[in-house]
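Please open the structure below in your viewer and keep the selection tool at hand. The stops are given in the order in which to select them.

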Amino acid sequence: MSKLQKLLKGLEKKYVFSSIMSPIAMIGEVVMEVVIPFIMAKIIDDGIGGNGGQGDLQFVIRYGLIMIGLACISMLSGVLGTVFSTYAAQGFAYNLRKRLFTKIQSFSFANIDKFSTASLVTRLTTDINMAQNVYRMLIHMCVRSPFMLIAGTIMAFRINARMAVLFLIAIPIIAVGIMIISSIAHPRFEKMMKKFDGLNAAIQENLIGIRIVKAYVRGEYEEEKFRKAAGDVRDAQVRAEKVIIFSMPLMMLVMYVSMIAVMWFGGKQVVAGTMLSGELISFFTYVTQVLSSLMMLGMVFVSIIMVKASNKRIIEVLDEVPDIDNPENPAMSVADGSVEFDNVSFSYNKKADNCVLRDINLKIKSGQVVGIIGGTGSSKTTLVSLLPRLYDVYSGSVKIGGKDVRDYDISVLRDSVAMVLQKNVLFSGTIKENLRWGNPDASEEQMIQACQAADAHSFVSSFPDGYETMLGQGGVNVSGGQKQRLCIARALLKNPKILILDDSTSAVDTATETRIRTALRDIAPDTTKIIIAQRISSVKDADVIFVLDDGALSGYGTHDELLAKNEIYREVYESQQQGSGDADLAGGED
């Protein structure tokens, strides 16, 4: 499949129709524009100069009205062509942006990491906008200009073949010039788009972390970083476009030289009586049309050079193969929340010498409360990310309900696993809308029950609008602890087989945390609950606790068993006891 076919794939019929009608309308405009100079020559030579130099007024009026009618048809055709091309280009961009976004939704975390978020944003916006503009030019100009070029050349040769050769010399000169320019410009535009990625990354990072920037008074530093990123884009853009700017002066120079040559030789022929005045004016009009069409084609070609880098970046995303996909005959139900890791190793770059998890073997019974403890960088989050197949294992297997997770339909598997991540994310909209991410059909009663279990109902009820309270992007108008509890409630509404709480009560006090843990046991007794925590108090009542150390399983057992036999667990416990790590103030909240 060609690059153009990949970009046009799945274009809706109404946009295909507009894409076809635009060049047809432009052909109608060209036909009228080619005929008008012919009529004008007849008016000058046969109407004004006819009848022995006395002129023929009726002839002039008759053909003048015909010329006006042709001009009106030409204008109407041009307007229709523009309307059709604009509508088709908008539809093309809409279709392409939708396909690109849908493809990104199928990516695993590894696929997204490969491109980076900032780069994907640039491809969905800047790159597609450039492709849209060039698509419009293609369906609008790439039929009109060649048709005008051919028709104008034929009419010029029909009037005076010897003079027509003069401006044909311009075609190879412009073609060679544009080819040289394109070979230099293309790699520069590729570098320019990468600089746009860097600019988007700087903007995105600053806006997401704007509170930290202000808290640490790092505004000037961020401004300097932004200026550098914006300067890099400017320099790359100037470097790319200063090559392109030579194309227009080149085409204008060739065009004006050709026109001067036509005026010189044509004028001499009129004086010599071998050419009529009307024919010269008509010939000059055709030359202008031909050279203008040649310039338009040159501009289209330059635009294609500019968009080539963007098209390549778009197709890279469309061609990317998600490294996590459904099996041929997937299992469509999960029996229970039992979990087994069988000699599991994992590497982000899929290399054996860089595994962040090594030889993990563990079993969890359905309905158990499980704690996972480990130092920073011990890959606790990575371990639980293997359950819903956010990543796939490098070796070994992960089983849920007695089946390898790779045997399940991805949607079924992920519906059975609810995760409350370290970084809690809420979306713009009401609290009710955010809760229904867990279950779109959840009733008011179910939402209240989930919020009560997550100890969120009391503060939600205190808001004037209750569950209809609007949340800003990322939940900026609620505290960290409130955000965590809303995310837990959202996860509970999924009624999952497995609930993963990844340090998700770190922003609440121990009393609130205890109430949440107790409620979770009562509301979801059959759900396997996996709690990742830094505080021993968060997991000491778990049925089994697993201790991770540098990507390996150091030990497992109950709180008392680990205190007796696991040195790492005991050291963490003692350090927290000595530092009052568990003595959070009741009622305190981040």
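Predicted model: local features only at pLDDT ≥ 70, side-chain atom pairs only at ≥ 80, totals over all residues.

Residues are numbered from 1 along each chain as its sequence is written, and side-chain values use heavy atoms, with hydrogens and water left out.

**Stop 1: the sheet**

Select strands E2, E1, E4 and E5, which form an open sheet of 4 strands in that order, with antiparallel pairing. Its edge strands are E2 (357–364) and E5 (403–404), each of which pairs on one side only. Helices (H or I, at least four residues) and strands (E, at least two) are DSSP runs, numbered from the N terminus. Two strands count as paired if DSSP finds at least two bridges between them. Strands of a sheet pair through backbone hydrogen bonds, either parallel or antiparallel.

Now show E1 (residues 339–346) with E4: 5 bridges join these antiparallel strands. Phe341 stands opposite Val398 in E4.

**Stop 2: Ser397**

Stay in E4 (residues 395–400) and select Ser397. Is Ser397 buried or exposed? Ser397 is buried, at 10% relative accessibility; buried means under 20% relative accessible area, exposed over 50%, and partly exposed in between (1.4 Å probe, protein chains only). Leaving aside neighbours within four places in sequence, Ser397 is in contact with Glu340, Phe341, Asp342, Val344, Asp404 and Arg406. Contact means heavy atoms within 4.5 Å.

**Stop 3: Thr382**

Move to helix H12 (residues 380–385) and pick Thr382. Thr382 is buried, with a relative accessible area of 8%. Its side chain makes a polar contact with the side chain of Tyr348 at 2.6 Å. A polar contact is a pair of N or O atoms within 3.5 Å; within protein, one must be able to donate a hydrogen and the other to accept it, and residues adjacent in sequence count only if both atoms are side-chain atoms.

**Stop 4: helix H17**

Select residues 480–492, the 13 residues of H17. At 1.5 Å times one less than the number of residues, H17 should span 18 Å, and its end C-alpha atoms are 19 Å apart, which agrees. Of the 13 residues, 12 are buried, so H17 is largely enclosed by the rest of the structure.
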